[in-house]
Every structure is written in structure tokens, then in C-alpha cells.
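Please keep the sequence and the structure in view while reading.

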Amino acid sequence: MIQTLLQYLQYPFVRYALIVGVLIALCSSLLGVTLVLKRFSFIGDGLSHVAFGAMTIATVLGISNEMLLVLPITVLSAVLLLSAGQRAAVKGDAAIAMVSVGALAFGYLLMNIFSTSSNLSGDVCSTLFGSTSILTLTVREVVLSIVLSVLVVAAFLLFYHKIFAVTFDETFAQATGTNARLYNLIIAVIIAVIIVLAMNLVGSLLISALVIFPALSAMRVHKTFLSVTICSAVLSVACALAGMLISILGGTPVGSTIVAVDALAFGIFTLIGRIKGGISHA
Amino acid sequence: MALLTIQDLTLGYDNRILAEHVSFSVHEGDYLCIVGENGSGKSTLMRTMLGLQPPMAGQILFGEGLKSSHIGYLPQQTPVQRDFPASVREIVLSGCQGRCGLRPFYTAEEKALARRNMERMGVLPLQDRCYRELSGGQQQRVLLARALCATGKILLLDEPVSGLDPQATAEMYAVLKSLHREGVTLIMISHDIAAALPYATHILHMGARAFFGTREEYLDSAVGRRFTQREVEL
């Protein structure tokens, strides 16, 4: 088995996939805690469908570098969703659900009407579930992913304390002179970048899993914000690696395998949390 | 010069007026209690004082070098906070965030300040505990320590005893009393006039006939007398 694995690792596209996969897993886990706590668990879903819609527009218009269109549209939607906050007419989960299904339907409609490929359902399926696109990355895409990941991690480290303050108590932060609106905006931009990145790995239907699972698992066991954040980052990278290796060896779809491993980890962590909780209460 | 002067404020949102002609001032060392019915504009007044929303008319003047961001604030707890994975130390330290500006990390001074305030509120032994595992009274003291990190001068408290059991309520009032004795100016919103009255130096009664004055003046006023008579009948 190890030999087969080493043999696969000879191929550059497998190595690229592993590098990008690990980076995406790392980035997507960082903001998971914040999004879960702000009750925005489904924003990953909503935004990834927006990215899907944007991608179909790019395809229809024949734009060769899809990122140029997909990234700005996704960032814009993220900003609108997260900053609308309390005052919007349609807010919270309803707004996300609306944007999510709307973009999905619109994207599929566009693809159907202006179809350029003979295998339409295959195209749609691979955008939704990621399937093999992670294994067909070009060097340029790998470099782009690395640059974006470094930016995301750097931004997270720089704004870590501010993200904490704004997540725990936005009103207090705003009242005592922290520019909560600005940091909400930064959170929105970071999450949009992560989602556009992650589409390659797991496709737009499963992104939420990548964002939410590690954070939820870490929250079962750990009790401080710092330890939850570190744990969810480590866990996310480990699950992504394990998922990708399994899928390479077993020939399973990459995205769903990673999510399955994440779900398994959540089960294990819940159990650990129960046992630990049981002991400390006794 | 007063710390805070509120001049002829009109409060409300979305073109709905909740209260008009609200005027009062807060001096250093005051313990102002804001009472009134639900919907009389108490919370809106507080949000306006904190600079979270603009007044519909009138103005708020800050004196003695005070800025709206220098007001420490004890909000009512949100559901998000009840299951938030964070240690006491992390939460208290976040009270220093307003001083940071764009600086990404806390200085040693700020960490020392957080430590002092945890000690002051008696939560230092809990500093590594998880916030969501604390009792309601302990959580309130943690949030008070955080508010004290944002300011040493003036605290705004939004229903600080709501949801606390009688013993924790008594403890909370005692903590507030000792802060007041240390020279911290307090502004407290409360719907429980009877419990708040013994501690306050000034009363603002929001409502159709608003009243502002010292506690003694309040007890002599029509609004206050109505309240005290009601107490006698009970």
C-alpha cells in the first residue's frame, strides 16, 4: 500500500493536489469557530453556490481566467450577507438560504441555456462535488492557491484578537472603540477567498463541511478560543490529508471522502468530550 | 463640568419616537439609575450614549476628556455567549481591544491591567476556566472585569442582575457598590426600582412624564411617591 502511495507521489499532479488540499483545509478551519458562533454556519454553502453561479457566467462569457470574475462576485456577496446584520429586510439564515438556492438555480439555468459542452450533467456534477478538478491543477493555480492561503493565514493571525472581540460581543467591541464593522468586513472577505479556493477541493456542495466540521469537533473537547482554533486547524489538515490519501488509494471521490473523514472525526471528538465531561462532573 | 451632558434628546428608531426632551447630566462619582417601563426608551438611550446609534434630535456632550469609546459597558448576555468556548482571561483581555487600534497584539501593560481587573472582581482564580461553565453571577463579574479594562471611569450597566438568583443579585449589587466607592461612575438600567433605589444617588425615570433628580428629590416627586406608595400597599 505504501509502495502504491509512493508511486502516486511521483506524479506532480498528486503532489500539487496534496499541497493545495492541505492549505485549503488549514484556511477553511480558521474562521469556522467564528462562523459557527455567529450563527453563520451555512454561509459557506450560500457563498459557494454564488461562486458556482459566477463560474457559469464566466463560462458562458468565455472568460478564460474564471477567478477574475468569481472572486469579486463572491467577495461582494459575502460582504452583503455578513454586513447586512440586523437591519436588513431578509436576514440571517433566510438571506443565506435565498442567495444560496437562487445562485444555484441561476447557475444551472445559464449552463443549460448556453451549454458549450456535450457533457452538461458531468460538468455540473464536477462543479458541485469537486470530483477530479483538484487533480488537474496547473502550476499557476497551485501558486495562486499558495499565495491566497498565505494571505488568509496572515490576515487571520494579524486580526486574531479583533476577530475574537467581534465574535464574542460585537456590541461591546463597537461601543468601546473597536471598528466592528471593518472587522466584519474583513471576516467576510477572508471567508469568500477561502470558499473560492475550496471549490477546487470539495466542490461547492460540500464546502460548509470543510468550514464547520473541524470547528464543531474542536469545540466538543476544548474550552478556550485559542485551543479550539489550533485544534480545529490541526484536525482539518489531518482529515484532509487522510481523506485525500484514501481517495487516491481507493479511487473514491476526493471531496466526499474528506468530508466523510471530517464527520468521523466529529463523532470521535463528541465521544471524547462526553467522556471528559463525565469525569469532570463526577 | 459634567462627565456626560444629555441635552433635549429625542430617542427612537425607524422614525418611531420613544422618548422626547430627555435631559440630564452625570458627574464624576454619580450612581445614576435609569428606570422606566418596557418600551420607554431605556435601551435606546443607552445605545445612543454608547454611540451605537445616532440620536434623532438633541445632543450628548462629553466632558473632562471623556469620549464615547471610554465608557465601559456591561451588556445583557446574548445566546451566542452562553456557549462560547473562551477562557475567562481571553474575555477580560478583549476589553483592552479598544485601546489597540490597529496593533494586532496586546502589550504587557494591557495584560497586567486585565489581571488587576480580574483580581478586583474576584475572578482571578477562574482565569483559565471556560466562560460557559461559570455560574451566572461569575459570568457577570467576568464581563464587569472586561468593562473595567475599557475604562476606569464610567460604567454603563444594562440590567446587570437580570437572570441572576437572589444571592447572586445581592452579590452583584455589593460589587457595584464597592466599585462606586472606589470612584467609578455608574449608570445602571434597571426595571427593578425597589432593589436599585437604595444604592443610587440619582434617578432618571423614563416615560410620559420623565423625571431626573437625586434620589431624595425622586422620593419626594409625584412619580416617586406613586412608586413608594405602591410599595406601602404591597
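## Strands around S8 of chain B

In this predicted model, strand S3 (residues 31–35) of chain B and S8(B) run parallel and are joined by four bridges. Strands, here runs of E with at least two residues, and helices, runs of H or I with at least four, are taken from DSSP and numbered from the N terminus; two strands pair if DSSP finds at least two bridges between them. Within this pairing, B:Ile34 stands opposite B:Leu204 in S8(B). Four bridges also join S8(B) to strand S9 (residues 211–214) of chain B, and these two strands run antiparallel. Here B:Leu204 stands opposite B:Phe212 in S9(B). S8(B) and S9(B) form a hairpin with five residues between them, and B:Gly207 in the turn has a positive phi of about 150°.

In a regular strand, side chains alternate between the two faces of the sheet. Strand S8 (residues 202–205) of chain B is covered on both faces: B:His202 and B:Leu204 on one side, and B:Ile203 and B:His205 on the other, are all buried. Buried means under 20% relative accessible area, exposed means over 50%, and partly exposed lies in between, with a 1.4 Å probe and protein chains only.

## Aromatic rings

A pair of aromatic rings is described by the distance of the centres and the angle of the planes. Rings of Phe, Tyr and Trp (its six-membered ring) pair if their centres lie within 6.5 Å; planes under 30 degrees apart are stacked, over 60 edge-to-face, and the rest tilted. The whole structure contains 14 aromatic pairs over all chains. One of them is stacked, because the rings of A:Phe164 and A:Phe168 have centres 6.1 Å apart and planes at 0°. These residues are four apart in helix H9 (residues 160–168) of chain A, a separation of about one helical turn, and both are buried.

A:Phe164 also pairs with B:Phe84: the centres are 5.8 Å apart and the planes at 80°, so this pair is edge-to-face. The pair crosses between chains, from helix H9 of chain A to the loop between helix H2 (79–82) and H3 of chain B. B:Phe84 counts as buried because its relative accessibility is 0%. One aromatic cluster is formed by A:Phe156, A:Tyr160, A:Phe164, A:Phe168, A:Phe225, B:Phe84 and B:Tyr131.

## Salt bridges

Side chains of opposite charge can pair when their charged atoms come close. The structure holds six salt bridges over all chains, a salt bridge being a side-chain nitrogen of Lys or Arg within 4 Å of a carboxyl oxygen of Asp or Glu. Among them, A:Lys223 pairs with B:Glu133, with the closest N and O atoms 3.1 Å apart. This pair crosses between chains. A:Lys223 has 33% relative accessibility and therefore counts as partly exposed.

Within chain B, B:Asp128 and B:Arg89 meet in a salt bridge at 2.5 Å, N to O. B:Asp128 lies in the loop between H5 and H6 and B:Arg89 in helix H3 (residues 88–93), so the pair ties together parts that are 39 residues apart in sequence. B:Asp128 counts as exposed at 54% relative accessibility.

## Basis of the values

Residues are numbered from 1 along each chain as its sequence is written, and chains are lettered from A and ligands numbered from 1 in the order in which they are written. Local features need pLDDT of at least 70 and side-chain atom pairs count only at pLDDT 80 or more, while totals for chains, interfaces and linings use all residues; side-chain values use heavy atoms, leaving out hydrogens and water.
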